Amino acid sequence: MRQRTGGPVVLSVVAGLSAILQTTTALGTERLVRRLDESNGLEASSVRSLAQDRDGFLWLGTPAGLVRYDGIEVRRWAPLVIDQLVTWVVAGQEEVLACDRLGRLFRVTAAGAALVSVPGGTPLAVEGHTQFSRDGRLWAARSGGLQVRDRDGVWRSFPPEVFDSEPVRRLANGQGDAMLVATDRSLWLLDAGQPPRRLAALPGIVGMLAVADGSLILTNAGADGAGQILEWRDGRIVTRLRLAGARPIGLAARGAVVWASFDRYLAALRPGLDPEILGPQDGIGSGGPLLVDTEGSLWLGTYRGLLHFPEPETVAWGDRDGLPSAHARSLA
């Protein structure tokens, strides 16, 4: 009986899979997803920022403050000190920093958190982004330009004139110890011992990602309101993806795959394949910050909690992907 009923099922499943693989480069869209929200520990489901420290802890910036997640327990961190919405969390080799909506920068400690100050004891006011470079320096965007704290604790500044008086908005690691800087209208490169170099005139940059082959993946908001994924290579910019009415937010690399989040979508760029776009029909209700952890899992902060994709490249095919039935029982 098993042989008679099983044979046609196997043949139909294999035929369906063959048809899918031969006619499209898109993957199945159903993935294993775990959600962390108000029902299982978060005080506020909106996740504004993500970082992972060297010990493996995840740090979440939320409207309720700073949260630490160890994979099991959700813990509000230093609630009496960090009592505002946390807009940025960054993790370096030796410390974790969090910035609240008032622009105050805090150093996370084992006992709680403490304000970061500039020489003279004045709290460091951050008006843009903060980022650690790979050599351990801390970069902070301010109205007066860009400030850098060396590993020995000495601060120095890049005045606004260095960037043609354009406000610094975003920071990201480039190749080696170099830093990518996005201003209102341009993309810049700061490399050790070299003067700042403008790589491109490009407004509205949100995400910057250095790729191993020397190219850069960028996201920005186009003049028409479309969210874009762009590739910069040898001074030229090529558009890889445009999504109408989509606001770009996060950008992360998992091996050779680049993931980009928008306010309503999650997109994957794979070498040699068309972009894959996941949206509300795939359970992506909103998009936010992205993180690939040390184990290769993909994390997406949203307005409705933190989504965890343990193996984002592992997918399931069903009848909505072209199979004759979602009830496949065997495969040959």
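## A first look around this predicted model

A search through the whole structure turns up four aromatic pairs. To count, rings of Phe, Tyr and Trp (its six-membered ring) need centres within 6.5 Å; planes under 30 degrees apart are called stacked, over 60 edge-to-face, and the rest tilted. Two of these pairs are worth a look, and here is how they are built.

| Pair | Centre to centre | Angle between planes | Type |
|---|---|---|---|
| W59 and W77 | 5.2 Å | 90 degrees | edge-to-face |
| Y69 and W299 | 6.2 Å | 80 degrees | edge-to-face |

W59 sits in strand β3 (residues 58-62) and W77 in strand β5 (residues 74-77), so this pair links distant parts of the chain, 18 residues apart. Y69 belongs to strand β4 (residues 65-69) and W299 to strand β27 (residues 298-302), so their pairing ties together parts that lie 230 residues apart in sequence. Strands here are DSSP runs (E, at least two residues), numbered from the N terminus. W59 and W77 are both buried, and so are Y69 and W299. Buried means under 20% relative accessible area, exposed means over 50%, and partly exposed is in between (1.4 Å probe, protein chains only).

Before going on, a word on the ground rules: this is a predicted model, so local features need pLDDT of at least 70 and side-chain atom pairs count only at pLDDT 80 or more, while totals for chains, interfaces and linings use all residues. Residues are numbered from 1 along each chain as its sequence is written, and side-chain values use heavy atoms, with hydrogens and water left out.

### The core and a hairpin

Which residues have the most contacts inside the largest nonpolar core? They are L180, L187, L199, M208, L216 and L218, in a core of 15 residues. Such a core is a set of buried Ala, Val, Leu, Ile, Met, Phe, Trp, Tyr and Cys residues joined through side-chain atoms within 4.5 Å. Among the elements giving two or more residues to this core are β15 (179-183), β16 (186-190) and β17 (197-201). In soluble globular proteins, nonpolar side chains tend to be buried together.

Now follow β16 into β17: the two run antiparallel and are joined by four bridges. Strands pair if DSSP finds at least two bridges between them. L189 has R197 in β17 as its bridge partner. The two strands make a hairpin with six residues between them, and G193 in the turn has a positive phi of about 75 degrees.

E166 is in the loop between β13 (155-158) and β14 (168-173). With a relative accessible area of 6%, E166 is buried. Its side chain joins that of T183 through a polar contact of 2.3 Å. A polar contact is a pair of N or O atoms within 3.5 Å; within protein, one must be able to donate a hydrogen and the other to accept it, and residues adjacent in sequence count only if both atoms are side-chain atoms.

R137 has its place in the loop between β10 (130-132) and β11 (138-142). R137 is buried as well, at 12% relative accessible area, and its side chain makes a polar contact with the side chain of D135 (2.9 Å).

Is E43 buried or exposed? At 53% relative accessibility, E43 counts as exposed. Leaving out residues up to four places away in sequence, E43 touches E38, A64 and R76, where touching means heavy atoms within 4.5 Å.
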